[in-house]
Amino acid sequence: ARRTLIQRAATYGHTLGAVEREALPFRARVLVPFVSRLAAAMLRLNPRQTIEVVSAGLLAAGMRRTSPHSFLAAKAVFGIGGVLLGVLFGASSSPLTGIMLGLALGAGGFIAPSFLVSGRARRRKDAILVALPDALDLLAVSVEAGMGFDAAISKLTEHSRGPLAEEFEFALGEIRIGESRQEALRRMAGRTATQELVSFVRAVIQADQLGTSLSRILRLQAAETRLKRQAAAEEKAMKAPIK
């Protein structure tokens with residue numbers, strides 16, 4: 001009896017009665033628990049996959065509004081749907097054909113969401129590399145005009161569009177809610193996984209720590225990034241005839 005009372009006290013306020021549960025909307029009453037169960041099943045099937053890894057992949061693709069649980073549940077739904085469709089359409093020929101087609105479509109449905117997210121992350125990374133030199137030039141001009149670094153980032157987000165501007169805007173929002181500038185920039189570099197952006201963040205942090213001229217650092221970073229962008233374009237041009 002004592003254990004029962006302690007358990008009831010520990011879970012007080014966390015469980016809903018039948019009347020309260022019926023008053024909840026359909027999404028909170030059915031869809032959210034269903035998505036959570038599917039995501040938990042996917043994590044048990046693949047122990048190497050974690051919520052943190054899935055969340056990092058979604059952030060790299062710019063899909064901040066998509067929760068990791070929803071993404072894992074979508075993979076499960078597409079995989080199960082592929083199996084059912086394969087069995088349904090292939091069973092008319094033979095049971096073996098239905099099984100093989102179901103396995104193929106199930107594997108395709110399971111892999112397709114990850115493939116789409118990774119492709120979007122690659123395209124986003126390329127767009128960031130293309131826009132980075134011009135963004136650094138604008139930051140350098142703003143700092144030389146007397147603006148602080150945070151104000152320069154705000155000016156950049158006002159006059160720019162694209163993945164890089166979104167990342168700077170997200171980092172600026174973290175700074176405004178109390179995060180340190182160094183930590184916000186490190187997180188931005190970690191989300192994008194772009195070497196040029198990592199070098200820029202490291203240079204800005206060193207300039208803050210050593211007290212060197214930030215505008216000069218930004219100019220050097222812009223020139224170096226532009227040279228790397230030109231070299232990458234020349235490399236792709238040389239590969240094009242062979243392909």
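**A quick tour of the helices**

So, searching the whole structure turns up one aromatic pair. Before I go on, keep in mind that this is a predicted model. The pair is made by phenylalanine 168 and phenylalanine 200, and the arrangement is edge-to-face. Their ring centres are 6.1 Å apart, with 75° between the planes; anything over 60 counts as edge-to-face, which is why the pair gets that name.

Where do phenylalanine 168 and phenylalanine 200 lie? Phenylalanine 168 is in helix H8, residues 163-176, and phenylalanine 200 is in helix H10, so the pair ties together parts that sit 32 residues apart in sequence. And both phenylalanine 168 and phenylalanine 200 are buried.

Helix H10, residues 195-210, is among the elements covering the buried residues of H11, along with helix H6 (95-144) and helix H7 (149-159). Which residues of H11 are buried? They're Leu214, Ser215, Ile217, Leu218, Gln221, Ala222 and Thr225. H11 itself runs over residues 214-242, so that's 29 residues. From first C-alpha to last, H11 reaches 43 Å, which is close to the 42 Å expected at 1.5 Å a residue.

In H7, have a look at serine 154. Is serine 154 buried or exposed? It's buried, because its relative accessible area is 15%, and the cut-off for buried is under 20%. If you skip the neighbours within four places in sequence, serine 154 is in contact with Leu172 and Arg176.

Over in H6, I picked alanine 131. Alanine 131 is partly exposed, with a relative accessible area of 31%.

Last stop: helices H4 and H5. When two helices pack, you describe them by the angle between their axes and the distance between the axes. Here, H4 covers residues 51-60 and H5 covers residues 68-90, and their axes come within 9 Å and cross at roughly 95°. That makes H4 and H5 roughly perpendicular to each other. On the H4 side, the contact uses Ile51, Val54, Ser55 and Leu58, while H5 brings Pro68, His69, Phe71 and Leu72. Sort the H4 and H5 contact by class and you get six nonpolar residues, two polar and no charged ones.

Technical notes: Residues are numbered from 1 along each chain as its sequence is written. This is a predicted model: local features need pLDDT of at least 70, side-chain atom pairs count only at pLDDT 80 or more; totals for chains, interfaces and linings use all residues. Side-chain values use heavy atoms; hydrogens and water are left out. Helices (H or I, at least four residues) and strands (E, at least two) are DSSP runs, numbered from the N terminus. The expected span of a helix is 1.5 Å times one less than its number of residues. Buried means under 20% relative accessible area, exposed over 50%, partly exposed in between (1.4 Å probe, protein chains only). Contact means heavy atoms within 4.5 Å. Axes are lines fitted to C-alpha atoms, for helices over the stretch in contact, and angles run from 0 to 180 degrees between N-to-C directions. Angles under 35 degrees count as roughly parallel, over 145 as roughly antiparallel, 65 to 115 as roughly perpendicular and the rest as oblique. Ala, Val, Leu, Ile, Met, Phe, Trp, Tyr, Cys and Pro count as nonpolar, Asp, Glu, Lys and Arg as charged, and the others, Gly among them, as polar. Rings of Phe, Tyr and Trp (its six-membered ring) pair if their centres lie within 6.5 Å; planes under 30 degrees apart count as stacked, over 60 as edge-to-face and the rest as tilted.
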